[in-house]
Each structure stands twice: as C-alpha cells, then as structure tokens.
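Here's a quick look at one helix, a hairpin and the nonpolar packing. Have the viewer open as you read.

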Amino acid sequence: MASRALIDSVYDHFEEHADTKATISQEEILGSGLIANEDFGTLLEVVNALLGDCRFKVVERLTPGGGKTNDYRVRSPEAARIYRSLNGEQRAVYGYIDESGQDGIWNKYLKQSSGLHEAVFNNIIKHLVAQKLIKDIKSVEHPTRKIYIKVGVEQSERSKGGAWYTDGVLDEALLAYVTHWLTQYIRNSSMYMSSDALKQLGGKQAEKPPREPKKGRKKGTVADERQIEDAKALRAAEIIYDGGLMPMPAGYQEYPDLQELTEELLKAGLVKDVVVEAKDLKEVLDNMVLDDVIETVRLSNGGEGYKTARQSLRPITRGPFNILTEAPCGRCPVFDFCEEGGPVGPSNCQYFQEWLKM
C-alpha cells in the first residue's frame, strides 16, 4: 500500500501543472524517480489515491496505434477541495462546466451530457449557483441560450462581444460616438484646404496661410487650418467640405494607421470606462470601410492606413451664418444619444461651448 508521504510527494512534484491543460502520463510519473524500482503496482496505488482525493483527473489519450490510454491532469488544492465537497452527480455536472472554460456550456447540452433526470439536474444547478461555484452568462453569439460558466473564470471576448457590448447588449451610443470621432479624425488627417478656398470662406487666415502639400509631405493639413480664429468658418474638429477641402495628392504617406487611431482615441478620453484595444477599433474601421465612409491605403512601410472615401466628399450647402444657424445641436450626428452622464452631453460638448462664446 502506497504511503501518504509518497502520494503527497508525487502530487507536490507535479503541482506546477495544476489547473492547466497540461497532461501527465504514467511514464512521466514513473520517470520522476519517486516510485521505487518504477513499480507499476505502486504507481496505480498512487494514481488511484490522487484520483480519490480529486487532486488528479483522468484524461483519455489516443495512442499511435489507434488505441486509448489514460493521462492525468492536476487540480490545485482549492479546486480539489471544491470537488471533494460535492457528491457524485454534482461533481459530474460541475466538471462539465469547469471543462468548458471561458466560453461556458449551454444548459441544454449540459443536461444531455450529464444524463440526469430534469428534476435532479435542476436541483444540482440550483445548489451550485447557491454555493457560488457557477453562474449564468449572456452570450452575444447565442443570446437566447442559458449558458453556465465557473465562478472566477473570465468570460471570453468572443462570447461577450468585445468592447462595444455591455452585459451582452450592444452599446449603440458609444459605438456611434466612436464612429463619428473616427470619421472626423480620418477626414482631418487625409484632406487639406488651399489658400484660395480659405479666402472664399470669408474667415480670417492664419498668420502663415496653409499651403498645398507637396507629394508625400504633411504641409497644409487640417491641423494647420485649426489655427483659423473664425469659428464660423471652420470648427476645431469638424471641417465642412464645400468644394475647397481637397484629398491629399497621390503619394501622400502620412495617413493614420490603426496604432495611431487607437492611441489618439484613448488620449482623447472618449472611452474612459471601457477597455478598447486595437482589435476592437479594427472592427469599427472595417465596418466604416464597408459603408464607404473611409477606405484603406497601402503605406510605404508596408502597413495599412485610412483616408476619407471619395464617396463621402459630398458638398454641404451652407446658408448665411448667424448665432441660430450655427447652433450645433440641430446637425449633431449623435443628438439622439446626448444626455448628461452619457458618452456625450451638453457639459462636455466642445462644439456647444464654442457656440456659447460666439
């Protein structure tokens, strides 16, 4: 009979693999040098003791000859304690949920896999939820399904829907606001206004009038036009195309890429309460490309930049300027989402503050 000391020493030796997908074969256990003379009978006693303590779990593996053999996974002491606290049927249901990982497991599939009567199954689920061992989650991929996941496991981004979803519901206000910001930033970075066009607008020119950019250079960009003091002619982050705003010439290479857009969005502080990564912004940009709002351009460094699509360069008819016609709310693209406490509101709207100063 294998001693408790030997059983514990084998567990301690392989504990570094606890709660991972790594498996341990019988050959590895014998090769550890812990079992005298690599005795197979002692090996079985040790393994069976660790399985009974719920510190090991059996995992079937196919052999090169097409047969099957048993390998083992190691559970942490805390995970083993949880399994020991459950009876056989509870342990089986919890095991399926545990194995499902970050995606969780559908209630219907879980019931079928357990093979339990519906009343028994429902009681087990209630018990596991009451013990705070499992919880149900909402999945964007399967919104009508009831899915269970182990408590303490972070739900996968695929099932959550990413940064643009909150509790499985698409945050349309945030998405519209970010899309509007991207549209303006990319337009401002991919177009310029000639000196003649600025004069036609009737506004004051900057101390150094913007010049048309030379090929591949970034002179006369929208950033320069923002120096114009007359807010009635050009707004800080919103330039109206009226025939004077022109695309950058062929060969221009300083269009914003995904990294720049991500960094500038975070710097602007528009998504303070949401973790937005480059991959999340890429989804929005891809949709904007499909909607012909922007288009991709190959950069000289082999990367991909973004510029305003030619389809979106539509003239906007403007009448005479006065305080009422310049009120930003009437033509705000996110008017429906404007409210205090939201991603955009009167107190943090830069256009509204500029209008009040006019």
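## Helix H5 and its ends

Helices here are DSSP runs of H or I with at least four residues, strands are E runs of at least two, and both are numbered from the N terminus. At the start of H5, a side-chain oxygen of Asn 87 comes to within 3.2 Å of the backbone nitrogen of Glu 89.

This is a predicted model: local features need pLDDT of at least 70 and side-chain atom pairs count only at pLDDT 80 or more, while totals for chains, interfaces and linings use all residues. Residues are numbered from 1 along each chain as its sequence is written, and side-chain values use heavy atoms, leaving out hydrogens and water.

## What H5 buries

Buried (under 20% relative accessible area, 1.4 Å probe, protein chains only) applies in H5 to Gln 90, Val 93, Tyr 94, Gly 95, Ile 97, Asp 98 and Ser 100. Their cover includes helices H4, H6 and H7 and strands S3, S4 and S5.

## The nonpolar cores

A nonpolar core is a set of buried Ala, Val, Leu, Ile, Met, Phe, Trp, Tyr and Cys residues joined through side-chain atoms within 4.5 Å. The largest one has 20 residues, with Trp 164 and Leu 261 among those with the most contacts inside it. H9, H12 and H13 each supply at least two of this core's residues, and H9 gives the most, seven. Apart from this core lies another of 19 residues, including Leu 6 and Val 74.

## A hairpin

S10 and S11 form a hairpin with five residues between them, and Gly 302 in the turn has a positive phi of about 90 degrees.

How values were computed: Two strands pair if DSSP finds at least two bridges between them. Buried means under 20% relative accessible area, exposed over 50%, partly exposed in between (1.4 Å probe, protein chains only). Contact means heavy atoms within 4.5 Å. A polar contact is a pair of N or O atoms within 3.5 Å; within protein, one must be able to donate a hydrogen and the other to accept it, and residues adjacent in sequence count only if both atoms are side-chain atoms.
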